[in-house]
Amino acid sequence: MNILLTLASRDLRQAWQSAGLWLPVAFLLLVASLYPFAVGPDAALLRRTGGGMLWIAALLASLLPVDRLVAPDRDAGVLDQIALRGIGEEMVVLARLIAHWLGFGPALMIATLPAAALLKLDGATIGLLEAGLLIGTPALAALGLLVATLTAGLRSSGALAGLLALPLAVPLLIFGAGTLGDGSGAALKFLGAASLLLVAITPFAGGAAVRAGRE
Amino acid sequence: MSRVGLHLSDVACVRGGRLLFRGVDLAMEPGGSALLKGPNGIGKSSLMRICAGLLRASAGTVDRHGRVALTDERLALDMEQPLGAALGFWARLDAAAPGALDAALAAMALEPLRQVPVRMLSTGQRKRAALARVIASGAPIWLLDEPGNGLDDAALELLGDAVAVHLAKGGIVIAASHQPVPLVTPVVLAMADFGAEDA
């Protein structure tokens, strides 16, 4: 537990210092402000499509920091030094997942508020959007981290990471955006299930990828 | 330190489809030191990684008792952090005894640089920082890959002293280098003897 805290706090500090934390937030706000220019200022249209648009923006924003999640530490020998200390790769990836979500999930949820205002979303939709993001952002963080471990050390890993992650993100997008027009709460439950699955898989799959990348 | 030792028997290493070396035997007991010699690309670093458990031997067995500390050409320190804090992170992971880091910094004459960000350090100072991490770790087995690179005469002397102290305490030191390293009566492994040419 102590090791997990040490690793996660270091990862969070690294993310903070590399200024990567602002990137997803700025991206989300930019998309939200550009969207009305593209489809026109029709408030009804914006209200109907804005929530789904924000889900796509959140998904793409989660891919922005992927190339600095694992590769720099792998190249600098940090991952090897951690392994020497008998700390499992699963622990390393779990700590990184916690730090990555803390660095990007809450910030994205806060940025969603002004973005929703730009798209003229009503209060109920914003509530559903925030609830969906609360459940969905851990999965987006897990997915980004997973493809980061898989592509670390490859050339043009950023583009490859996008290609790998987007198909896997389809369920999150369907259920996430589905919550907005769904009164029964079923989409929210499916979103939770998809999110749980991704979060539970990532430490193990990511740990195996880090180990395999060492050979 | 409980039972400490490092035993390699008939170890071979294949990298990228090429046999680097084979038939390497090495038996290290507390207080023992070894020096791997040979030209670039002969497999010194790969053998170090095998000793550390980061790389699987293609054949043979590696029997290791005791924690390992490794220093290689990668610094693995956070560039923006002050030196003291960057090393402190590793000391926390090592659960190092309080004061171990201070002693290690003193041993490598790094105390005046404690507040300096790692990215401002020179090549030799970075190497000394990596060596300080090894000293602070308290691990009984030291694996030093090219420890003398970039060190000036004074720093080489500090390294020699640190190694001597570690060996006197019953530690094990394995160093790989193509240049002289201040080790006391090491077992010398000339890596060229294990090459693939005579296959």
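**Notebook: two chains, one predicted model**

I began with chain B, where three strands make an open sheet in the order E2-E1-E4, with antiparallel pairing. I count two strands as paired if DSSP finds at least two bridges between them; helices (H or I, at least four residues) and strands (E, at least two) are DSSP runs, numbered from the N terminus. The edge strands are E2 (18–28) and E4 (59–65) of chain B, each pairing on one side only. From one strand to the next the twist averages 20°.

A note on the ground rules: this is a predicted model, in which local features need pLDDT of at least 70 and side-chain atom pairs count only at pLDDT 80 or more, while totals for chains, interfaces and linings use all residues. Residues are numbered from 1 along each chain as its sequence is written, and chains are lettered from A and ligands numbered from 1 in the order in which they are written.

**The sheet of chain B**

I looked up the pairings next. Strand E1 (residues 5–15) of chain B joins E4(B) through six bridges in the antiparallel sense, and B:Ala12 has B:Ala59 in E4(B) as its bridge partner. E1(B) and E2(B) also run antiparallel, joined by seven bridges; here B:His7 stands opposite B:Ala27 in E2(B). The hairpin of E1(B) and E2(B) has two residues between the strands, and B:Gly16 takes a positive phi near 55° there.

What packs on this sheet, touching E1, E2 and E4 of chain B? I found helix H1 (residues 44–52) of chain B, whose direction makes about 130° with that of E1(B). My axes are lines fitted to C-alpha atoms, for helices over the stretch in contact, and angles run from 0 to 180 degrees between N-to-C directions.

**Each chain as a whole**

Chain B has five helices and eight strands, in the sequence pattern β-β-β-α-β-β-α-α-α-β-α-β-β. Its C-alpha trace spans about 55 × 35 × 30 Å along the principal axes.

Chain A has nine helices and zero strands. I get a box of roughly 60 × 35 × 30 Å for its C-alpha atoms, along the principal axes. With 215 residues, a compact globule would come near 17 Å; chain A has a radius of gyration of 18 Å, which agrees.

**A helix pair in chain A**

I then checked helix H1 (residues 2–17) and helix H6 (residues 89–118) of chain A, which pack at about 45° with axes 8 Å apart. H1(A) and H6(A) are therefore oblique to each other (under 35 degrees is roughly parallel, over 145 roughly antiparallel, 65 to 115 roughly perpendicular, the rest oblique). Among the residues that meet are A:Leu4, A:Leu7 and A:Asp11 in H1(A), and A:Leu94, A:Arg96 and A:Ile98 in H6(A). By class, this contact has 13 nonpolar, one polar and two charged residues. I count Ala, Val, Leu, Ile, Met, Phe, Trp, Tyr, Cys and Pro as nonpolar, Asp, Glu, Lys and Arg as charged, and the others, Gly among them, as polar.

**Where the chains meet**

Last, I looked at the interface: 15 residues of chain B are in contact with 15 residues of chain A (C-beta atoms, placed from the backbone, within 7 Å). Helix H2 (83–93) of chain B gives the largest share of chain B's side, four residues. That side divides into nine nonpolar, no polar and six charged residues.

Technical notes:
Two residues are in contact if their C-beta atoms, placed from the backbone, lie within 7 Å. The radius of gyration is taken over C-alpha atoms; the globule rule is 2.2 Å times the number of residues to the power 0.38.
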